[in-house]
Amino acid sequence: VPFLKLGVEAREQLLGPEGLEDAPLTRQDHPLVRYAEDFTRNFDLISERKSVIYQLREVAKASVLAKYLLESGAQLGDAWFHAAGASGEACCLEVPQLWHDRYYSRVEVSGGEIVDIARRGKEASKRRSVYGGVDFGIDRFRL
């Protein structure tokens, strides 16, 4: 019987030779790594209090069970496929998303006028973003 443990992984996008590349964050003192570890440790408690996390956990369970049934060659009778009855229209077809953007700007004034700091080789502004997403990774393992 398959076993499922859900967790959160901190990842970042780095500028590589082919553009932005996805990579795990591994520095133990990084705030996102600490947040991911705390979230993973308290995943069941959080899912009890936040319905979207609960639903995500249930979809993950159903996906793992479906993969197990397919890979094991289980033969199910017609009753399994009609157990829920007729389904109605989907109430919400939007995928929930989570993101946070933070912008920093730097302005220099010299002699009462704004100086173009980009010409001096300095960055005028920075953007930091945090985006949330889901990857069950079901294709990476066999049951």
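Predicted model: local features only at pLDDT ≥ 70, side-chain atom pairs only at ≥ 80, totals over all residues.
Visitor: What share of the 143 residues in the chain do buried residues make up?

Guide: The chain exposes about 12,600 Å², of which carbon and sulfur atoms supply 53%. A residue is taken as buried under 20% relative accessible area, and among the 143 residues of the chain the buried share is 13%.

Visitor: Where around helix 1 do the buried residues lie, on the same side or on opposite sides?

Guide: In helix 1, which spans residues 31-41, the buried residues include Val33, Ala36 and Phe39. Because they cover an arc of only 130° around the axis, they are on the same side of helix 1. Pro31, Tyr35 and Arg41, by contrast, are exposed on the other side of helix 1. The buried residues of helix 1 pack against helix 2 (43-49) and helix 3 (51-72).

Visitor: Why does Phe39 count as buried?

Guide: Phe39 has its place in helix 1, and the cut-off for a buried residue is under 20% relative accessible area. Phe39 therefore counts as buried, since its relative accessibility is 14%.

Visitor: Which residues is Phe39 in contact with, leaving aside its neighbours within four places in sequence?

Guide: Phe39 and Val8 are 31 residues apart in sequence, yet their C-alpha atoms are 6.5 Å apart in space. With neighbours within four places in sequence left aside, the contacts of Phe39 are Val8, Ile46 and Ile53.

Visitor: Which five residues form the largest nonpolar core?

Guide: In soluble globular proteins, nonpolar side chains tend to be buried together. Leu6, one member of the largest nonpolar core, is in contact with Thr40, Phe43, Arg57 and Ala60 once its neighbours within four places in sequence are left aside. The five residues of that core are Leu6, Phe39, Phe43, Ile53 and Ala60.

Visitor: Is Trp80 buried or exposed?

Guide: Trp80 has its place in helix 4, residues 78-81, and together with Leu76 and Phe81 it makes a nonpolar surface patch of about 390 Å². The cut-off for an exposed residue is over 50% relative accessible area. Because the relative accessible area of Trp80 is 63%, Trp80 is exposed.

Methods. Residues numbered from 1 in each chain as written. Heavy atoms only, no water. Patch = residues over 30% accessible without salt bridge, like charges linked within 9 Å, V, L, I, M, F, W, Y side chains within 5 Å. Areas by Shrake-Rupley, 256 points an atom, 1.4 Å probe, with all protein chains shown as cover. Salt bridge = Lys/Arg side-chain N within 4 Å of Asp/Glu carboxyl O. Helix = DSSP H or I, 4+ residues; strand = E, 2+ residues; numbered from the N terminus. Buried < 20%, exposed > 50% of the residue type's maximum accessible area, 1.4 Å probe, protein only. Arc of directions from axis to C-beta. Contact = heavy atoms within 4.5 Å. Core = buried A, V, L, I, M, F, W, Y, C linked by side-chain atoms within 4.5 Å.
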